[in-house]
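Hi,

Here is the structure I promised to pass on. Please have a look at it first, and then read my notes below.

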Amino acid sequence: MTILGIILAFLPGFAWLFFYLREDPHPEPKRIIFLVFLAGALSAIAAFVLEIILNNQVVKLGIAPLSFSLMLILALIEEVSKFGGAYFIIRKNPDFDEPIDAMIYMVVAALGFATVENIGVLIGQYNPAIATLAPTISTMLETASFRFVGATLLHTLTSAILGYYWAIAIRDFNDRKYLFLGVAMATGLHAIFNQLIIAYGNLIYPVVFLIVIGIFTLGDFEKLKWKKV
């Protein structure tokens, strides 16, 4: 069951990876794609550690559990972690030579991040000590499907948006205000999605929210697709 959970955890990431890579008119080297995906996965572990530390300090910091303020802080940790993973690998790489590459590599890092999250969620459902609570294959498939249209898609969209503003920052002589704007937008959208999940307890409104974001994000891909650095 654990092996099945790991396999299902990778499927949403690979599916979205195939979709997004088709947006790149000049495909990136597979080795760099793999390294950025791995960096995104490692950034998920770093973010998880920071989130544990934060959750242990929530009361001391005067932050209400499940509040929008907490959602913003958690979202900021995750968005900055994903960016850090991508930036560490490609910042001086010669293959990072087109504006759209910033969006592509950010999406790849996000998929590495989301895959680790998916593994944690799917494996966390399985409790061998309590056989009656062990999830069935259909339950795990349902969870993987929800992650595909929910959290995994969210991570790709917010990171793509951050990547778009990163590309603008680079084109505008490394003007950091655009990068900060990208982080702010990605963080805000991420927090709103999480708040919708908490408020409504289902994926209907969050998915509609993601569809709207996705329409604008595809527009951003088109804006950068044929531009040169």
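A salt bridge here is a side-chain nitrogen of Lys or Arg within 4 Å of a carboxyl oxygen of Asp or Glu. Before I use that, two words on the source. This is a predicted model, in which local features need pLDDT of at least 70 and side-chain atom pairs count only at pLDDT 80 or more, while totals for chains, interfaces and linings use all residues. Residues are numbered from 1 along each chain as its sequence is written, and side-chain values use heavy atoms, with hydrogens and water left out.

**Salt bridges**

Side chains of opposite charge can pair when their charged atoms come close. The structure holds 3 salt bridges.

One of them joins Glu79 to Lys82, with the closest N and O atoms 3.1 Å apart. Both residues sit in helix α3 (residues 68–90), 3 residues apart, or about one turn of the helix. (Helices are DSSP runs of H or I with at least four residues, numbered from the N terminus.) An α-helix has 3.6 residues a turn, so residues three or four places apart point the same way. Glu79 and Lys82 are both buried; buried means under 20% relative accessible area, exposed means over 50%, and partly exposed is in between, using a 1.4 Å probe and protein chains only. Lys82 also lies over the face of Phe113, at 5.9 Å from the ring centre. For that label, NZ of Lys or CZ of Arg must be within 6 Å of the ring centre and within 35 degrees of the ring normal.

Another salt bridge pairs Glu117 with Arg147, again with a closest N to O distance of 3.1 Å. Glu117 belongs to helix α4 (residues 99–124) and Arg147 to helix α5 (residues 137–149), so this pair ties together parts that are 30 residues apart in sequence. Glu117 counts as partly exposed because its relative accessibility is 22%, whereas Arg147, at 14%, counts as buried.

Then there is Lys223 with Asp220, whose closest N and O atoms are 3.8 Å apart. Both are in helix α8 (residues 204–225), 3 residues apart, about one turn of the helix. Lys223 is partly exposed at 46% relative accessibility, and Asp220 is buried at 11%.

**Aromatic rings**

Rings of Phe, Tyr and Trp (its six-membered ring) pair if their centres lie within 6.5 Å; planes under 30 degrees apart count as stacked, over 60 as edge-to-face and the rest as tilted. By this rule the count comes to 14 aromatic pairs. Among them is the tilted pair of Phe10 and Phe14, at 5.6 Å centre to centre with 40° between the planes. These two share helix α1 (residues 2–21) and are 4 residues apart, about one turn of the helix. Phe10 is partly exposed at 27% relative accessibility, and so is Phe14 at 46%.

Phe96 and Tyr105 have ring centres 6.3 Å apart and planes at 75°, so that pair is edge-to-face. Both of these residues are buried. Elsewhere, ring pairs link Trp16, Phe19, Tyr20, Phe148 and Phe221 into a cluster.

**Helix α6**

How far apart are the end C-alpha atoms of helix α6? They are 30 Å apart, which agrees with the 30 Å that its 21 residues (151–171) should span at 1.5 Å a residue; the expected span is 1.5 Å times one less than the number of residues. The helix is mostly covered, with 18 of its 21 residues buried. Thr158 has its place in α6 and counts as buried at 1% relative accessibility.

**On the surface**

Phe34, Leu38, Leu42, Ile45, Phe48, Val49, Leu50, Ile52 and Ile53 make a nonpolar surface patch of about 850 Å². Patches of this kind are made of residues with over 30% relative accessible area and no salt bridge, with nonpolar side chains (Val, Leu, Ile, Met, Phe, Trp, Tyr) joined within 5 Å and like charges within 9 Å. The areas come from the Shrake-Rupley method with a 1.4 Å probe, and for residues only the protein chains shown count as cover. Ile52 lies in helix α2 (residues 30–61) and is partly exposed, at 37%.

Most residues other than glycine have a negative phi, but Leu66 has a positive phi of about 65° although it is not a glycine. Leu66 is exposed, with a relative accessible area of 55%.

Best wishes
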